[in-house]
Amino acid sequence: MEQRVDPDPSTGPTEPDGPERSSVQPGDGVSLTIVGATGWPADPARGLTAAEVASRVAAGQVNDVPARTSRTVREILAANVFTRINLIIGVLFALICVVGPIQDGLFGAVIVANSVIGIIQELRAKQTLDRLAVIGEAEPTVRRDGVAVAVRPGEIVLHDVIETGPGEKIVVDGTVTEADGLEVDESLLTGEADPVLKQPGEEVMSGSFVVAGSGAFVATKVGADAYAARLAAEATRFTLVNSELRNGVNRILRIVTYLIIPAGIALVISQLVVDQNDLPEAIRRMVAGLVSMVPEGLVLLTSLAFAAGVVRLGARNCLVQELPAIEGLARVSVVCLDKTGTLTEPAMDVLEVRALDQAADHDAAAGTSPATGDEPTAPDGRVAAVLGALGAADRRPNASLQAIIDAYPAPDGWRPVDAAPFSSARKWSGAAFIEPDGTESTWLLGAPDVLLATGHPALATVDGYGERGLRVLLLARSDRPLAEALTANGGGTGSAAGGLAGAVEPVALVVIAQRLRADASDTLRYFADQRIATKVISGDNALSVGAVARELGLSGADDPVDARSLPADRAELGEQLETHTIFGRVTPHQKREIVGALQARGETVAMTGDGVNDVLALKDADIGVAMGSGSPATRAVAQIVLLDNSFAALPSVVAEGRRVIGNIERVANIFLTKTVYSVLLAIVVVAAQVPYPFLPRHLTLISSLTIGIPSFFLALAPSHDRARPGFVGRVLRFAVPAGALAGIATVLVYFLARNVFYDNDLRAETSLATLTLFCVSLWALAMIARPYTWWRVLLVAAMAGLFALVLVVPFLQTFFELSLVGTSGPLTALAISAVAAILMEIIWRLVRPPNGTPHPVELGAAHAGDGERAGA
């Protein structure tokens, strides 16, 4: 039944944002329509005309708020060119251009490489994100010229009439014109946990979503004026907010900056004093000392790894809506899974309908359920007609009701007079009808253990089905009006059981079969192998959820928990989560509490889901993963959307996160090692008042072969170990002793060369120091490259071979000003380098992280083979 409510004409025209409120109260259980104010469509049932839409587009009254899935091209160019690193390197390169020769300015190529590679990769990531965002974008349904059409959110205009239903997001602010049990969850905006029953004349805000019922509303605020758009005005999705990795890198750069300033000033003064008769030489060696302190490639590789992760996941149809999600994936310790749509396919089939009567109840009580071989009773014509009528009365059927609709077509002569759409909170739907013979009846369809009193004989039959992994709905008749049933159930927003349990007449059990995803078992096995805990939290019967989990081989499936027995206290809830894996009859609010309880115990939680009942938990989880076929509201709050609905994509998603953060931490070690030994060399040179032992070209050669080239490969290599907090501490724990040993060995050889092996031959002294520093740095690289695989061994060997090539090819010797004189000096340098490498191994074993915590040197040892296969 539909009711139209006209504004009082005596009040004059009303503003578009404030039409007259309907006098009909919540709980009346009728579909309502309100006629709007000035500027609204003349007939909300037909919507705007094409001419009215065109006039609003011309006036700029369009919902034009582009989704920020990535930075703009201008922002990408600026962010990759105008950086602190490029400024420092650029100034030093300009000095070399003045004093020459040009080979000492090779480090200037870092500016070009940093900028070009960063820009290219981020543009690739932007194209991937923008393309996938369009694919995954929900298209609201609007009425125009009497036809319901799907449009993109950016095509909605002011005063469009927008239809909405369960799971759909409210994309603009508006005023309700029609409501049929319309319940809206505004918790993401207001913090209020319970859904709000909306009536015509009441406002809806963008950013909220529909949890039950259906309706329509007129858009009163669009674009930047909409509530959610104002909240997100300064937010962009391509930021690294609360990223431990990026924060750690920035902290390292701040430390380096603090070291460079005093060391650089002292180095400039000392070199000018030492080489006062050769100013160009003093500038060259001063520049060499400063350039080597800057971890120029660390920022580049961080951005490169993130961008590559976006592109890799995009190739698997995974839309990354927030870049920190890639990092967060590496830290996940618990994955919470919704059963329906995640472990099972969204589509369902009616397996049978079992009539309930005295005899059936007696059989159930005696244990002769279908699970033990008793033959089901075929549904009579009346039961089939009721099921068909219930399906026809719901405008927005869920998957279970859709299976019933497919099996039982709508009967003739059944006229619905009231309806209550399904709600995840109350766990039932219903409708009141005038039957063909003129009698009135009210029917409910929902969870048997919610509608029936505890201990009812039929529940034994339900449990028998549940143990086989089947979903069971109860068809029941109520002698109460539907509005009264809603009131007894808390208005549809309260507890699931409310006051209905035992107050209905059970008529039949509808048994629905769910199809398991073919890839679910392998995915769950992957999580177990990776030491990631899995929790299945579902609104279905606990026995049914446990049976599905058992079929998939999930541990804990034999001890499912009915969430209605879970404690409200978060600490006690956490204890239950520690000892159990499978949870059924979980309400949306409880899903949110479960995520919070796990986080309170120090876990990093990923939540997957596809239904509107998963939205709150997805929003609160550290990482929310939604299915592409899920509700628009679910996709809107998730950080990652699996556009092809493939549950098997999750291992790739997790592996990509681990690849990114694990390898950035790995290469940060060698970048910081260079900074440490550079600062140490500068301090010694200043204190001893000697020429700096290197020219810029020498350090460019060393850093390219032991850091730049290898780190590019290592940063994109597979990594399977979960990331842990303490990024900066772990990096410094390796880099400080390794850099100190490299600096001490180089200083020792340099002073031996000056005072023992050579007599004022600065080129020979520099060559010997270069050999020593390269050998020690190469060993640090060899440690970071562990565990060894064929390509990592080849990588280290290739870098050694390239350096040897420089030492033997005359042209390269001249270009880099390197020549090893005699044999005693080079052999001594190699011996000291070997001692430094041994001490590096010993010290590392003394200062490694406590309690056996893996370090990047050891990362992936247990999964090296798996990693290489994943990389392939």
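Okay, quick one on pairing before anything else: two strands count as paired if DSSP finds at least two bridges between them, and the strands themselves (E, at least two residues) and helices (H or I, at least four) are DSSP runs, numbered from the N terminus. This is a predicted model, where local features need pLDDT of at least 70 and side-chain atom pairs count only at pLDDT 80 or more, while totals for chains, interfaces and linings use all residues. Residues are numbered from 1 along each chain as its sequence is written, and side-chain values use heavy atoms, with hydrogens and water left out.

So, with that pairing rule in hand, look at strands β13 (residues 415-420) and β14 (residues 428-434). They pair in the antiparallel sense over five bridges, and in β14 the bridge partner of proline 416 is phenylalanine 433. On to the next strand: β14 is joined to β15 (residues 440-446) by seven bridges, again antiparallel. There, alanine 432 sits opposite threonine 442 of β15. The β14-β15 hairpin has five residues between its strands, and glycine 438 takes a positive phi near 95° in it.

Is β14 mostly covered or mostly open? Covered: six of its seven residues are buried. By buried I mean under 20% relative accessible area, with exposed over 50% and partly exposed in between, using a 1.4 Å probe and protein chains only.

Seven of its nine residues are buried, so the rest of the structure largely encloses α16. The buried ones are Ala458, Leu459, Thr461, Val462, Gly464, Tyr465 and Gly466.

Now the open sheet. Eight strands make it up, in the order β10-β23-β22-β21-β11-β18-β20-β19, with mixed pairing. The edges are β10 (318-320) and β19 (561-562), each with a single partner strand, so one side of each has no neighbour in the sheet.

Let's walk in to β11 (334-337). Val334 and Cys336 point one way from β11, Val335 and Leu337 point the other way, and all are buried. β11 runs parallel to β18, with four bridges, and parallel to β21, also with four bridges. Keep an eye on cysteine 336: in β18 it stands opposite lysine 535, and in β21 cysteine 336 stands opposite methionine 607.

Which helix lies across β11, β18 (533-537) and β21 (605-609)? That's α21 (residues 588-600), running at about 160° to β21. For angles, axes are lines fitted to C-alpha atoms, for helices over the stretch in contact, and the angles run from 0 to 180 degrees between N-to-C directions.

Further along the sheet, three bridges join β22 (residues 623-627) to β23 (residues 640-642), and those two run parallel. Methionine 627 has leucine 642 of β23 as its bridge partner.

The largest one has 129 residues, and Leu642 and Phe647 touch the most other members. Helix α24 (residues 649-688) gives this core its largest share, 18 residues. Apart from it there's another core, of 27 residues, including Val605, Val612, Ala621 and Ala633.

Leaving aside residues up to four places away in sequence, leucine 642 touches several residues, among them Asn317, Met627 and Val653. Contact here means heavy atoms within 4.5 Å.

Back to α24, which has a partner helix, α18 (residues 520-529). Their axes come within 8 Å and cross at roughly 30°, so α18 and α24 are roughly parallel to each other. The contact uses Thr523, Tyr526 and Phe527 from α18, and Leu650, Pro651, Val654 and Ala655 from α24.

Compare α27 (residues 762-784) and α28 (residues 790-808): those axes come within 10 Å and cross at roughly 170°. That makes α27 and α28 roughly antiparallel. The cut-offs are under 35 degrees for roughly parallel, over 145 for roughly antiparallel, 65 to 115 for roughly perpendicular, and oblique for the rest. Among the residues that meet are Phe774 and Leu778 in α27, with Met799 and Phe803 in α28.

Technical notes: A nonpolar core is a set of buried Ala, Val, Leu, Ile, Met, Phe, Trp, Tyr and Cys residues joined through side-chain atoms within 4.5 Å.
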